[in-house]
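Visitor: Can you walk me through this one? I'd like to start with how contacts are counted.
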Amino acid sequence: MARKTTRQSRKAAHKGKAAHVKSRKAQGKADAAAADGALPQWTTAEIEEAFRRFAAANPTPRGELQHINPFTLLVAVVLSAQATDAGVNKATPALFKLADTPEKMVKLGEARVRELIKTIGLYRTKARNVIALSRQLVAAHGGKVPHDRAALEALPGVGRKTANVVLNIAFGEPTIAVDTHIFRVGNRTGLAVGKTPLEVEMKLMQVVPERYRLHAHHWLILHGRYVCLARRPLCEKCLIADLCKWPTKTVNMPSS
Ligand code: SF4
């Protein structure tokens, strides 16, 4: 199926719909070279221009995980590890209808939670974590989601990325949660190169202009999810194609 997509892309390129689509191998090599820091640096003006365009195109971007309050957001993010937001959103309405607070979640119990989320990958571990973190919220935080990174990361099943999402969406902190999409976009474009999500996060926090930091997380995720796709980036539809440093773009646009 994936090979067919590449062939179709090449055909489109021959018809002039896209330009010179490189093979998957060439794209993979370009991604690896980018992660090794082979791409040119972005200038301050280019970074400013990229985020100006993201902001103009989507001034108030939103996360795609459905939630009702900070607690249901936290649970949804925990459930989304190694799963798609769409998959999580299919399961959570029924769960949150029964339990939208830590107290109700504890009362619902692990077996019932497991049953309600069984369509999501790793559901057994996730059900266990959801109950354990709910218990901890009740015992240590009066049933509230703490506005504190260390306290969030101390909850079962909650790592830095989850804490960043909650701090950003629930509390309006300008954090950048680096998931698989942001990791790829950061490295591939040359905007924020790093070997680990933490390195990419630190680089982004350093280069993204302050006024764009609150929404940068969403813009970059949406960009990676819908435009800068892992296997076949849609460079011909990309807002920042003229700024991006990736050498194997799928459109005739030299790297700047
Ligand atoms: S031009 Fe856009 S879609 Fe293509 S690799 Fe660069 S950021 Fe991704």
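Guide: Two residues are in contact if their C-beta atoms, placed from the backbone, lie within 7 Å. Helices are DSSP runs (H or I, at least four residues), numbered from the N terminus.

Visitor: Fine. What kind of model is it, and how are residues numbered?
Guide: This is a predicted model: local features need pLDDT of at least 70, side-chain atom pairs count only at pLDDT 80 or more, and totals for chains, interfaces and linings use all residues. Residues are numbered from 1 along each chain as its sequence is written.

Visitor: Which residues in H11 meet which in H12?
Guide: On the H11 side they are Ile-182, Phe-183, Gly-186 and Asn-187. Their partners in H12 are Pro-197, Val-200, Lys-203 and Leu-204. By class, that contact of H11 with H12 has five nonpolar, two polar and one charged residues. Here Ala, Val, Leu, Ile, Met, Phe, Trp, Tyr, Cys and Pro count as nonpolar, Asp, Glu, Lys and Arg as charged, and the others, Gly among them, as polar.

Visitor: At what angle do H11 and H12 pack?
Guide: About 65 degrees, with the axes of H11 (residues 180-189) and H12 (residues 197-207) 10 Å apart. Axes are lines fitted to C-alpha atoms, for helices over the stretch in contact, and angles run from 0 to 180 degrees between N-to-C directions.

Visitor: Switch to H4. How does H4 pack on H8?
Guide: H4 (residues 70-79) and H8 (residues 123-141) make an angle of about 155 degrees, axes 10 Å apart. That makes H4 roughly antiparallel to H8 (over 145 degrees counts as roughly antiparallel). Val-75, Val-78 and Leu-79 in H4 meet Lys-126, Asn-129 and Val-130 in H8. This contact of H4 with H8 divides into four nonpolar, one polar and one charged.

Visitor: And what is the angle between H4 and H10?
Guide: About 150 degrees, with H10 covering residues 160-169 and the axes 10 Å apart. So H4 is roughly antiparallel to H10. From H4, Pro-70, Leu-73, Leu-74, Val-77 and Val-78 meet Thr-162, Val-165, Val-166 and Ile-169 in H10. The contact of H4 with H10 has eight nonpolar, one polar and no charged residues.

Visitor: New topic. How many residues surround the ligand?
Guide: 13, and the closest are Cys-228, Pro-233, Cys-235, Cys-238 and Cys-244. Near means that the C-beta atom, placed from the backbone, lies within 6 Å. The shell around the ligand has 10 nonpolar, one polar and two charged residues.

Visitor: Last one. What follows H2?
Guide: Gly-37, whose phi is positive, near 85 degrees.

Methods
Helices (H or I, at least four residues) and strands (E, at least two) are DSSP runs, numbered from the N terminus. Angles under 35 degrees count as roughly parallel, over 145 as roughly antiparallel, 65 to 115 as roughly perpendicular and the rest as oblique.
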